[in-house]
Amino acid sequence: MVLDMTEDLEAPRRPVPGELTFTAPRGRRPRRHLADMTAAERREAVTALGLPAFRADQVSRHYFTRLSDDPSAWTDIPAALRDDLAAALTPPLMTPVRELTADAGTTRKMLWRLFDDVLVESVLMRYPDRVTMCVSSQAGCGMNCPFCATGQAGLTRNLSTAEIVEQVVAGARELARGDVPGGGGRVSNVVFMGMGEPLANYKAVLGAVRRLVDKSPEGLGMSARGITVSTVGLVPRMRELATEGLPVTLALSLHAPDDELRNTLVPVNTRWNVAEVLDAAWEYARVTKRRVSVEYALIKDVNDQAWRADLLAKRLRNKLVHVNLIPLNPTPGSTWTASRRDDEREFVRRLEAGGIAVTVRDTRGREIDGACGQLAAAE
Ligand code: SAH
């Protein structure tokens, strides 16, 4: 297997169905947007238009602080300049195709169409104490995990930084407008658990994380601790992420404690095995002092045996880790389904007996195809 880890938008390789794909195919790029740029780059873009640099800060404030992409409301900027500034800094990146709601409107799934007609999903979930946005980092995914709806169609392309940030900003706008039951509010958490493998689009994802944590008006001013990057286990990128000085939570999609099964559930395991991804996870925890989250989708009679719970507990013992069990969300056309309640309970019991912190994830939004990729696949 060739392992070219470049992740730019124009990598010259087409996806082959059923094969691991680390690079996105060549294509036209989305428009450059202020969310793609650092504050200094925004000022350069504005001075290139022959305008004073402070106009960039004003537009940033409209976008990130007031959540406005409507230039007619930018009243601190002369009317004659607004459209030019908007064209240069806030070009439209995506249009809503459909919104589905569940849980009395507190779970909201958006399907977006990007400039080149590709579809991506994001989900807003309001809880009593927080609002979480689940975002996509790629259109499709090249990791080919057989239980995941996104994996089935392969990778279409990487998203740009601004296309990722815009999903969060769109959620923030819905909240600010009062469209989400429970009143106003802010997005407190972002999880990279929508479509795509975030660490296979490393540069754009890191840019997005920086925009989310940059102080207002340069970014959304979120806490890095509220951000979770979820990965199949691209070991070199996990190690690189540990060095970025960004205390984001790392989630590792393990799904099996043994290589034989993990090779089939998470095919990239044939490149970096369980021992290697766990080593990289412990390194991440050591450097960042952040508890790593291990994701484990419980699949009936596939990975939910008592002996696998014991083996998982053994491999995680005495580590800075938390296990998140996810009842499998069955995807169309698959025979796999969620574990029996009794098996799930026994799995939890054995992990706890092994001293491992464990939670079972709630299954919000099932009725709106909450699992990643199902809505885009249906369309
Ligand atoms: N590519 C990244 C992030 C995207 S998916 C990763 O794999 O971590 C986010 C989580 O949802 C992953 O743990 C993934 O394995 C899990 N997942 C995907 N499809 C699922 C399904 N049908 N049921 C339950 N969990 C699923």
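The chain is assigned two domains, domain 1 (34-89) and domain 2 (94-374), with bounds that come from an automatic or database domain assignment. Their centres, taken over C-alpha atoms, are 33 Å apart. Domain 1 gives 16 residues to the contact and domain 2 gives 15 residues, where contact means heavy atoms within 4.5 Å.

The model is predicted, so local features need pLDDT of at least 70 and side-chain atom pairs count only at pLDDT 80 or more, while totals for chains, interfaces and linings use all residues. Residues are numbered from 1 along each chain as its sequence is written, and side-chain values use heavy atoms, with hydrogens and water left out.

A nonpolar core is a set of buried Ala, Val, Leu, Ile, Met, Phe, Trp, Tyr and Cys residues joined through side-chain atoms within 4.5 Å; buried means under 20% relative accessible area (1.4 Å probe, protein chains only). The largest such core has 109 residues, and Val190 and Phe192 have the most contacts inside it. Because both domain 1 (34-89) and domain 2 (94-374) give residues to this core, it lies between them. Leaving out residues up to four places away in sequence, Val190 touches residues including Met133, Val168, Leu212 and Ile227.

The ligand has 19 residues around it, of which Gly196, Ser230, Ser253, His255 and Asn329 come nearest; a residue counts as near if one of its heavy atoms lies within 4 Å.

| Residue | Part of residue | Distance |
|---|---|---|
| Thr231 | backbone N or O atom | 3.3 Å |
| Ser253 | polar side-chain atom | 2.5 Å |
| His255 | side-chain N or O atom | 2.6 Å |

Taken alone, the ligand exposes 530 Å², and the protein buries 93% of that (Shrake-Rupley method, 1.4 Å probe).

Terms used:
Buried < 20%, exposed > 50% of the residue type's maximum accessible area, 1.4 Å probe, protein only. Polar contact = N/O pair within 3.5 Å; in protein donor to acceptor, adjacent residues only side chain to side chain.
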